[in-house]
Amino acid sequence: MADTSGSQKTEDCIFCKIVAGELPAEVVYKDDETVAFADINPAAPVHLLVIPRKHYTNVVEAAADDPALIGRMLAVLTRLAGEKGLLEDGFRIVCNTGTRGGQSVPHLHFHLLGGRSMAWPPG
Ligand code: AMP
């Protein structure tokens with residue numbers, strides 16, 4: 001499949017800088033293709049971000065290039081939910097996409113939110 005990430009400008013991407021260790025983050029997990037760290041502005045008692053090391057602007061781009069990566073990221077998210085003790089009471093995984101989706105950082109990331117009750121629908 002086409003490598004769409006090649007068209008992205010990654011040198012100014014804050015999450016690429018976290019992957020590269022050029023920007024500090026409270027990293028809680030990493031493997032060959034993903035990194036998980038605490039959200040700098042937590043919206044819940046547990047608020048982690050899981051990102052791919054490879055730069056994809058959003059989930060649409062990643063799904064076109066490597067859909068299985070998204071499954072592996074979900075496995076990391078549920079593993080972290082377990083480690084944080086969220087499996088019994090539940091949690092939320094969020095992937096804001098694009099302007100109207102509320103995405104503020106253009107590097108694919110899933111939010112893992114837990115430790116409180118979540119409202120629905122989201123704002
Ligand atoms: P979104 O609005 O869905 O794109 O989510 C981006 C998230 O990244 C927000 O919840 C921010 O608080 C978080 N964030 C931005 N910069 C950093 C950073 N340097 N370290 C950790 N989290 C960050």
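Q: Why is His47 called buried?
A: His47 has a relative accessibility of 8%. Buried means under 20% relative accessible area, exposed means over 50%, and partly exposed is what lies in between (1.4 Å probe, protein chains only). Since 8% falls under the cut-off, His47 counts as buried.

Q: What kind of model is this?
A: It's a predicted model, where local features need pLDDT of at least 70, side-chain atom pairs count only at pLDDT 80 or more, and totals for chains, interfaces and linings use all residues. Residues are numbered from 1 along each chain as its sequence is written, and side-chain values use heavy atoms, with hydrogens and water left out.

Q: Where is His47, and which residues does it touch?
A: Look in strand S3, residues 46–52. Helices (H or I, at least four residues) and strands (E, at least two) are DSSP runs, numbered from the N terminus. Not counting residues up to four places away in sequence, His47 touches Phe37, Ala38, Asp39, Asn41, Pro42, His111, Leu112 and Leu113; contact means heavy atoms within 4.5 Å.

Q: What makes the pair His47 and His111 a polar contact?
A: Their side chains come to 2.8 Å. A polar contact is a pair of N or O atoms within 3.5 Å; within protein, one must be able to donate a hydrogen and the other to accept it, and residues adjacent in sequence count only if both atoms are side-chain atoms.

Q: Which residues are closest to the ligand?
A: Asp39, Asn96, Ser104, His109 and His111 are the closest of the 16 residues that surround the ligand. To be near, a residue needs one of its heavy atoms within 4 Å of the molecule. Helix H1 (14–20) and strand S2 (34–38) each supply at least two residues of this shell, and the largest share, three residues, comes from H1.

Q: Which polar atoms lie by the oxygen atoms of the ligand?
A: A polar side-chain atom of Asp39 lies 2.5 Å from a ligand oxygen, and one of Asn96 lies 2.8 Å from a ligand oxygen. For Val105, a backbone N or O atom lies 3.0 Å from a ligand oxygen. The protein covers 84% of the 500 Å² of accessible area that the ligand has on its own.

Q: Is Thr34 buried or exposed?
A: Buried, because its relative accessible area is 1%. Thr34 is in strand S2, and among the residues that Thr34 touches are Tyr29, Val50 and Met73.

Q: Why is Met118 called partly exposed?
A: Met118 has 23% relative accessibility, so it lands in the in-between class. Met118 is found in the segment after strand S5 (110–114). Met118 touches Ala44, Arg92 and Leu113, leaving out residues up to four places away in sequence. Met118 and Ala44 are 74 residues apart in sequence and 9.1 Å apart in space, C-alpha to C-alpha.

Q: What makes Thr78 partly exposed?
A: Its relative accessible area is 37%, so Thr78 gets that label. Thr78 is in helix H3 (residues 67–83). Beyond its neighbours within four places in sequence, Thr78 is in contact with Leu87 and Phe91.

Q: How do you know that the peptide bond from Trp120 to Pro121 is cis?
A: Its omega is near 0 degrees. Pro121 lies in the segment after S5.

Note on methods. Accessible areas come from the Shrake-Rupley method with a 1.4 Å probe; for residues, only the protein chains shown count as cover.
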